Amino acid sequence: MLELEKKVNPLLKVDELQVNLAKRFGGYSVVSNLSLSIEQGEIVGIAGESGCGKSALSLAILQLLPKGMERSSGKVVFDERRIDELSLRKLQGIRGKEISMIFQDPMTALNPGLKIGTQLTETMSKHLNLSRREAQGRAAELLEKVGLPRASELLNQYPHELSGGMRQRVMIAIALSCQPKLIIADEPTTALDVTVQAQILQLLKKISREEKLAILLISHDLGVLSQMCDRILIMYAGEIVEQGTAEDVLHRTKHPYTRGLLSSMPTRDKKGKVLQTIEGTVPPLSERGSACAFYKRCPVSRPDCLQSKPMLQEGQGHAVRCFYPLVKER
Amino acid sequence: MENILAKAENLTKLFKTGRREIRKAVDGISLEVHEGETLGLVGESGSGKSTTAMMMARLLEPSAGRILYRGEDVSKLKGAQKKRARKQIQYVFQDPLSALNPRHKVKTLLEEPLAIFKVGSRTERMEMVEEMLAQIGLSSNYMNSYVHQLSGGQRQRIGIARALMIQPEFLILDEPVSALDVSLQAQILNLLKRLQKQFDLTYLFVSHDLNVVHYMCDRIAVMYLGEIVEVQKSEDLFANPQHPYTKMLLGSMLDISHDTQANLQLAEV
Amino acid sequence: MGRKRSINFYIGGILAAFLVLMFLISFIYVPHEINQMNVAKRLAAPDSSYLLGTDNFGRDILSRIMKGSQTAFFVGASAVAIGLAGGLLIGTAAGYLGYWTDELLMRLMDAILSFPGIIFALILVTVFKPGIYQTVVAIGVLSIPGFARIVRASVLEMKEAEFVKAAKGFGASHFRILSRYIFPNIFSSIIVAATLSFSTAILIEAALSYLGLGVQPPHPSWGRMLSEAQGFLQQAPWFAITPGLFITLLVLGFNLLGDGIRDVRDVRR
């Protein structure tokens with residue numbers, strides 16, 4: 001496991017980040033006062049279902065929010081510099097160079113009109129000031145590193161000539177090209193076949209360990225996160241409801257929502273039994289009030305849960321946002 | 001002895017890709033579905049599982065081979081016999097958003113199959129629609145809603161309900177829960193199990209998710225590049241996979257086990 | 001969501017409404033008789049009696065503009081009607097039936113398209129004398145291929161849609177599929193095409209009339225007014241500006257409206 005040196009500041013620190021929908025869409029909160037930190041070389045996972053705000057969070061870090069959303073408050077500190085208030089030009093110096101993003105669908109993330117080689121060398125030329133030949137050499141190295149042989153052929157191909165798995169590897173290669181310190185990966189393997197997914201994740205983990213590369217991994221798949229992450233954050237309705245090491249969150253679960261998620265997974269031991277589901281649905285943005293967001297669906301809620309908002313309570317690195325956290329072991 | 005409900009014999013499907021190239025999506029497979037069971041069909045992209053499912057549902061013409069239903073060859077039926085076969089075999093699409101007419105309200109969507117088969121009067125049909133809504137756990141308030149106004153889980157329920165309106169015996173489901181969040185997925189799986197008991201249904205369940213397939217299915221057929229490489233009872237398949245591809249598939253599963261981080265080491269390529 | 005509900009829709013709507021209003025009023029009232037010449041007041045600037053001035057025969061321009069809108073709308077609407085009818089028929093046949101029908105019909109459409117519109121109009125005019133009905137037919141026929149293309153593309157797209165396949169899977173008749181599944185879903189593309197075609201038709205009519213080959217006296221036409229005004233640009237600029245302005249407003253208005261309608265219908269879905 002990773003040794004956390006308490007003296008070193010975290011690589012990424014998000015402080016009370018608030019993301020709202022634009023006023024013309026109602027101004028509702030998408031991400032509520034969220035704080036998180038990632039250490040160098042750490043793999044942190046964010047889990048949550050649709051509508052929990054995990055994608056908005058990842059986009060907000062690099063100021064990539066779409067037009068309908070805006071960061072209304074909060075700080076983002078990367079490598080001891082505030083990046084939430086940076087000008088676009090300075091930010092562009094960080095994007096792709098110190099922080100890279102990998103998206104879910106490589107077909108839309110890669111430019112269909114440019115050759116793979118061009119897309120790889122583009123980023124490098126911009127950030128690293130390499131000559132064309134140097135960049136191409138590095139590009140070939142990168143492709144090999146991500147497990148794509150026959151680099152020279154590949155450099156001259158277009159995205160549509162590659163399979164989904166290969167495209168995703170190219171995306172990773174591009175993300176790695178300028179040796180970033182942090183990669184934000186939003187559902188990087190969701191669109192891929194199961195066998196390919198395993199390979200890609202294995203690759204990411206290997207690179208992270210070898211190069212002390214931190215990864216913020218966003219996924220709805222707890223199985224993926226359990227295998228990849230040092231720490232996991234569970235998001236619900238724009239907030240973190242539980243966080244801790246993978247072991248803590250998945251096997252010493254404290255929050256009823258996390259428990260609900262785990263119970264509804266059709267694992268092998270549940271064959272023949274009815275799956276325990278979480279009743280109801282995620283509250284729409286307009287209905288997130290000042291009490292516990294999970295109240296209506298919570299199997300162990302009590303009337304006073306409605307009184308006020310639970311805060312994130314920490315205990316030995318394992319935090320939960322609940323007035324009555326679960327105590328039994330899974 | 002199990003009663004064989006549906007059987008595929010040497011089923012093949014060829015697609016033309018470009019001027020001279022032909023892709024063999026499904027290559028001479030044979031499959032048996034037993035009455036009352038849930039047969040899983042797993043594979044990754046390019047395995048041919050969806051194509052097979054569509055052929056079994058008669059939505060796609062096989063290039064070769066035949067499909068037998070209760071012993072009768074249904075691959076080449078015409079007219080009234082074809083219609084009768086349609087009544088018994090139904091299909092649930094993967095993406096309800098594209099599989100349901102965006103211009104029709106929920107009540108119309110559910111009424112359509114009945115109207116096409118000329119079942120009962122208008123009033124009787126509406127009663128059946130209301131009953132079905134209750135069965136799938138949707139309030140009748142939704143009768144006048146449009147598909148885009150519903151959530152993903154609700155849409156999929158409608159997709160399933162629509163297939164069940166004319167009371168088929170055999171339901172073919174293509175990745176019915178793949179697009180859903182884990183908690184919604186569980187609701188739909190529970191629903192499917194309940195409906196199966198209630199209406200005495202046989203399922204052909206196509207999926208790429210091994211956990212789901214293990215949970216839902218009695219037997220599992222594994223497909224790879226257009227062929228069936230292995231068919232076994234679920235427990236046996238997981239305990240004792242025979243074919244190297246099956247082993248590879250199982251090895252790629254990422255489970256939440258106490259030994260976190262153990263599985264990824266297994267997935268060697 | 002979306003108060004961005006389309007500036008296009010509002011501006012286009014207002015312009016179109018204004019012109020339609022003028023069109024409607026022109027049936028019951030115009031300030032002066034349109035062919036009444038007032039030689040004393042030839043080429044007079046706008047004043048209290050002649051709000052937009054007079055032309056070279058002393059005729060009231062405002063009245064002629066108003067009556068001219070009748071011509072514009074009539075030609076526009078009729079031409080669109082012909083184009084739409086023909087386009088729907090041909091486009092649906094080509095898109096739905098495919099294969100030879102498609103090839104044949106589309107080649108036919110290409111043939112018409114490749115014909116320069118003006119020449120076609122000229123030919124018609126040579127064979128039959130110029131006049132309003134000939135203009136309508138010429139423009140109508142010329143717009144058929146445009147509609148046919150759009151209808152065909154939409155039908156093709158819809159044919160592949162999952163919900164259409166689902167309906168086929170239930171054994172829906174071709175008629176049912178076309179009427180309940182395909183047409184309702186291509187409606188908005190057709191509307192947009194229709195408004196665009198309307199404005200194009202008006203433009204072509206103006207062009208033809210400008211050349212003297214379109215609508216003939218005594219029917220007033222903005223295009224012809226433009227050509228009549230040419231010789232008097234210095235003395236009476238309002239004579240030329242007014243018809244030009246109204247043509248522009250009409251075309252702009254309906255184009256924006258068409259865009260706006262498309263925007264509005266899209267957002268909803």
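**Helix packing, domains and the chain contact**

In this predicted model, helix α4 (residues 116–128) of chain A and helix α7 (residues 164–176) of chain A have axes that come within 8 Å and cross at roughly 20 degrees. Angles under 35 degrees count as roughly parallel, and α4(A) and α7(A) are therefore roughly parallel to each other. The handedness of the crossing of α4(A) and α7(A) is right-handed.

The residues that make this contact can be named on both sides. From α4(A) come I116(A), Q119(A), L120(A) and T123(A), which meet V170(A), A173(A) and I174(A) of α7(A). Sorted by class, the contact of α4(A) with α7(A) consists of 5 nonpolar and 2 polar residues, with no charged residues.

Chain A is assigned domain 1 (12–229) and domain 2 (255–330). Between the C-alpha centres of domain 1 of chain A and domain 2 of chain A the distance is 30 Å. Where these domains touch, 8 residues of domain 1 of chain A are in contact with 7 residues of domain 2 of chain A. The domain 1 side of this contact in chain A has 4 nonpolar, 3 polar and 1 charged residues.

The last contact is the one between chains. Chain A brings 35 residues to it and chain B brings 29 residues. On the side of chain A that touches chain B, at least two residues come from each of α8 (194–211), α9 (222–228), α10 (246–251) and α11 (256–264) of chain A. The most is given by α8(A), with 8 residues. By class, the side of chain A that touches chain B holds 13 nonpolar, 15 polar and 7 charged residues.

Notes:
Residues numbered from 1 in each chain as written. Chains lettered and ligands numbered in written order. Predicted model: local features only at pLDDT ≥ 70, side-chain atom pairs only at ≥ 80, totals over all residues. Axes fitted to C-alpha atoms, helices over the stretch in contact; angles between N-to-C directions. Helix = DSSP H or I, 4+ residues; strand = E, 2+ residues; numbered from the N terminus. Parallel < 35°, antiparallel > 145°, perpendicular 65-115°, else oblique. Left-handed = near helix turned anticlockwise from the far one by under 90°. Contact = placed C-beta atoms within 7 Å. Nonpolar A, V, L, I, M, F, W, Y, C, P; charged D, E, K, R; others polar. Domains from an automatic or database assignment.
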